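The following exercises are to be worked with the sequence and the coordinates at hand. Each task is followed by a solution in steps.

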Amino acid sequence: MLYQRRKLLKLKEKFFKQNGGFILLRQLSKREDASGTTQIFKEDELKKATNNYEESLIIGRGGFGTVYKGILADNRIVAIKKSKIMDATQVEQFINEVVVLSQINHRNVVKLLGCCLETQVPLLVYEFISNGTLFDLMHTSIEKENNAIWKTRLRIAAEIAGALSYLHSSASLPIIHRDVKSANILLDDNYTAKVSDFGASRLVPLDHTMIATVVQGTLGYLDPEYMQTHQLTEKSDVYSFGVVLAELLTGEKPISFNRPEENRSLAIHFLSCLRENHVSEVLQVGILNDENKEEIKEVAILAARCLRLKGEERPSMKEVAMELEGLRLMEKHPWTKSEINLDETQSLLQGVSSNFNYETGDSSSNHEFSGYDSLKVHAPMSLDDGR
């Protein structure tokens, strides 16, 4: 028994070193703010918290690992992510990300509490969010109050945008999420959005660009420019967020084999409807009414701008967040709408979103269309009737 115990301790020490434990301790000693928020958990306490990783406690599976619900000795409910095998060459980067993510303190980002490095693959410990995902809300539940649905969806969109804007520009080191999708947006008891799953995330270098050897992400949300060039920028997250906006508007999945082959991608289908001025046909049944017609039109235009093929032509997440928050403020204080010159607003919308060529990224006066690569978005759009 003594021999087995020593053998186990040596194995734990080996994994701790292999997973960058000493690098993490060194990093934490340099950053007082991180040492106060990042906890290094023992393997035994996480085993106990999950009843030895009981199958019934699995709350999620993904491309980067399995997530278990656990209860710590101090009665905190947590989500414990068992990552997949990590490349030894990425250990230092992984540790840097743990330190950076553990310092993020944003109400719409799932909080990383700490990690365990005594196992063959690192374990990450997050705060537990109780109400499922945005994907579940849109695709597996039946909602009744249509205007309330839209208000909730607009608020959730603004919260996601605000969190991504924070990650891109306000975190101590900018972070590209790299796998923005509705399944990675968790919802708490009040349906407050929490951006989660940073398994694919990368810290942004000073030039805000990096070449990825392997394209990572989820089909239907992947930035086509990133897929072609392998060049990762924060605008890749903007594209993926554009798909999430299209989901919120349509209630449809990002990839669907129920649609014709050329429109299986929601991004292509949504933009095609916008191009042909048939956006009302693709909106979720019952979501549109006289009160929210203008808001839905503006969110649809914003989604189209996020989905431009050229990354440099997309807005930044900061701009997106400001526009969505502006719409929410107008919704809360409708009297402000009367203070706006509507003709001027229409003119501004035309300037932003019409006559845009999605292939070249240029504005043009040519109004002929030739498929997805030359989609143009026109404002105002016809939103007289829901589907």
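This is a predicted model: local features need pLDDT of at least 70, side-chain atom pairs count only at pLDDT 80 or more; totals for chains, interfaces and linings use all residues.

**Exercise 1. Overall composition**

Task: State how many helices and strands the protein has, and what share of its residues count as buried.

Solution. 
- Step 1. The secondary structure comprises 14 helices and 12 strands.
- Step 2. The protein has 387 residues, of which 50% count as buried.
- Step 3. For the range of the contacts, take pairs of residues at least 6 apart in sequence: 65% of these contacts join residues at least 24 apart.

**Exercise 2. The packing of H9 and H12**

Task: Describe the arrangement of helix H9 (residues 234-250) relative to helix H12 (residues 293-306), and classify the residues of their contact.

Solution. 
- Step 1. Two packed helices are described by the angle between their axes and by the distance between the axes.
- Step 2. The axes of H9 and H12 come within 8 Å, and they cross at roughly 150°.
- Step 3. Angles over 145 degrees count as roughly antiparallel, and H9 and H12 are therefore roughly antiparallel to each other.
- Step 4. The crossing in which H9 passes H12 is left-handed.
- Step 5. On the H9 side, the contact is made by Val-238, Tyr-239, Phe-241, Gly-242, Leu-245 and Leu-249. H12 contributes Ile-296, Val-299, Ala-300, Leu-302, Ala-303 and Cys-306.
- Step 6. By class, the contact of H9 with H12 holds 11 nonpolar residues, 1 polar residue and no charged residue.

**Exercise 3. The packing of H9 and H10**

Solution. 
- Step 1. H9 passes H10 in a left-handed crossing.
- Step 2. From H9, the residues Tyr-239, Val-243, Ala-246, Glu-247, Leu-249 and Thr-250 make the contact, and from H10, Leu-266, Ala-267 and Phe-270.

**Exercise 4. The surroundings of H10**

Task: Explain why helix H10 (residues 266-275) is described as largely enclosed by the rest of the structure, and name the helices against which its buried residues pack.

Solution. 
- Step 1. A residue counts as buried under 20% relative accessible area. The buried residues of H10 are Leu-266, Ala-267, His-269, Phe-270, Leu-271, Ser-272, Cys-273, Leu-274 and Arg-275.
- Step 2. Since 9 of the 10 residues of H10 are buried, the helix is largely enclosed by the rest of the structure.
- Step 3. The buried residues of H10 pack against H9, helix H11 (279-282) and H12.
- Step 4. After H10 comes Asn-277, which has a positive phi, near 60°.

**Exercise 5. A loop and an annotated residue**

Task: Decide whether Thr-50, Glu-54 and Lys-82 are buried or partly exposed.

Solution. 
- Step 1. Thr-50 lies in the loop between helix H4 (43-49) and strand E2 (58-62). With a relative accessible area of 0%, Thr-50 is buried.
- Step 2. Leaving out residues up to four places away, Thr-50 touches Leu-57, Tyr-68, Lys-69, Gly-70 and Ile-80.
- Step 3. Glu-54 is also found in the loop between H4 and E2, but is partly exposed at 33%. The C-alpha atoms of Glu-54 and Gly-70 are 9.8 Å apart.
- Step 4. Lys-82, in strand E4 (residues 77-83), is partly exposed, with a relative accessible area of 31%. An unreviewed UniProt entry annotates Lys-82 as "binding site".

Technical notes. Residues are numbered from 1 along each chain as its sequence is written. Side-chain values use heavy atoms; hydrogens and water are left out. Axes are lines fitted to C-alpha atoms, for helices over the stretch in contact, and angles run from 0 to 180 degrees between N-to-C directions. Helices (H or I, at least four residues) and strands (E, at least two) are DSSP runs, numbered from the N terminus. Angles under 35 degrees count as roughly parallel, over 145 as roughly antiparallel, 65 to 115 as roughly perpendicular and the rest as oblique. A crossing is left-handed if the near helix is turned anticlockwise from the far one by less than a right angle, and right-handed if clockwise. Contact means heavy atoms within 4.5 Å. Ala, Val, Leu, Ile, Met, Phe, Trp, Tyr, Cys and Pro count as nonpolar, Asp, Glu, Lys and Arg as charged, and the others, Gly among them, as polar. Buried means under 20% relative accessible area, exposed over 50%, partly exposed in between (1.4 Å probe, protein chains only). UniProt positions are given in the numbering used here, feature names are shortened, and annotations may be inferred rather than shown by experiment.
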